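This report describes the fold of one protein and the packing of a pair of its helices. Please consult the sequence and structure shown below.

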Amino acid sequence: ESVTIPVIGYGDVFTAEVAVIRKKETNVDGIMIARGSMANPWIFKQIENLYKGKDALIITPEERIKQSGNYLKNYPLMFVPWNHGRNMKQFPIWIN
């Protein structure tokens, strides 16, 4: 309220509920989500649902497994080749 430019909040947003709470508590114009979207690629739809008064999506184990397969399939498109080994082992595990 004290500045005339948009203010974006970020940091440690791993669930839709936290995103909504942070925006409400801090009165920022928007929330930036980085690592949280890698572990939970459904987070954006979940946030949208909460703002519409719906329940956040419940992600089934089958959907999580399918998404892990998508990460592995599309992995070469996501990162530079010299960093593949380090990143490849972490992302499928992130989908908890």
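## Basis of the description

Angles between axes under 35 degrees count as roughly parallel, over 145 as roughly antiparallel, 65 to 115 as roughly perpendicular, and the rest as oblique. The model under discussion is predicted.

## Overall architecture

The protein contains 6 helices and 2 strands. Along the sequence, these elements are arranged in the pattern β-α-β-α-α-α-α-α.

Of the 96 residues in the protein, 28% count as buried. The accessible surface of the protein amounts to about 7,000 Å², and carbon and sulfur atoms account for 60% of this surface. Where contacts in the protein link residues at least 6 apart in sequence, 39% of them join residues at least 24 apart.

## Packing of α1 and α3

Two packed helices are described by the angle between their axes and the distance between the axes. Helix α1 spans residues 16–26 and helix α3 spans residues 43–51. Their axes lie 8 Å apart, and the helices pack at an angle of about 55 degrees. The two helices α1 and α3 are therefore oblique to each other. The crossing in which α1 passes α3 is right-handed.

On the α1 side, the contact is formed by Ala16, Glu17, Ala19, Val20 and Lys23. Helix α3 contributes Ile43, Gln46, Ile47, Leu50 and Tyr51. Sorted by class, the contact of α1 with α3 comprises 7 nonpolar, 1 polar and 2 charged residues.

Terms used. Residues are numbered from 1 along each chain as its sequence is written. This is a predicted model: local features need pLDDT of at least 70, side-chain atom pairs count only at pLDDT 80 or more; totals for chains, interfaces and linings use all residues. Side-chain values use heavy atoms; hydrogens and water are left out. Helices (H or I, at least four residues) and strands (E, at least two) are DSSP runs, numbered from the N terminus. Buried means under 20% relative accessible area, exposed over 50%, partly exposed in between (1.4 Å probe, protein chains only). Contact means heavy atoms within 4.5 Å. Accessible areas come from the Shrake-Rupley method with a 1.4 Å probe; for residues, only the protein chains shown count as cover. Axes are lines fitted to C-alpha atoms, for helices over the stretch in contact, and angles run from 0 to 180 degrees between N-to-C directions. A crossing is left-handed if the near helix is turned anticlockwise from the far one by less than a right angle, and right-handed if clockwise. Ala, Val, Leu, Ile, Met, Phe, Trp, Tyr, Cys and Pro count as nonpolar, Asp, Glu, Lys and Arg as charged, and the others, Gly among them, as polar.
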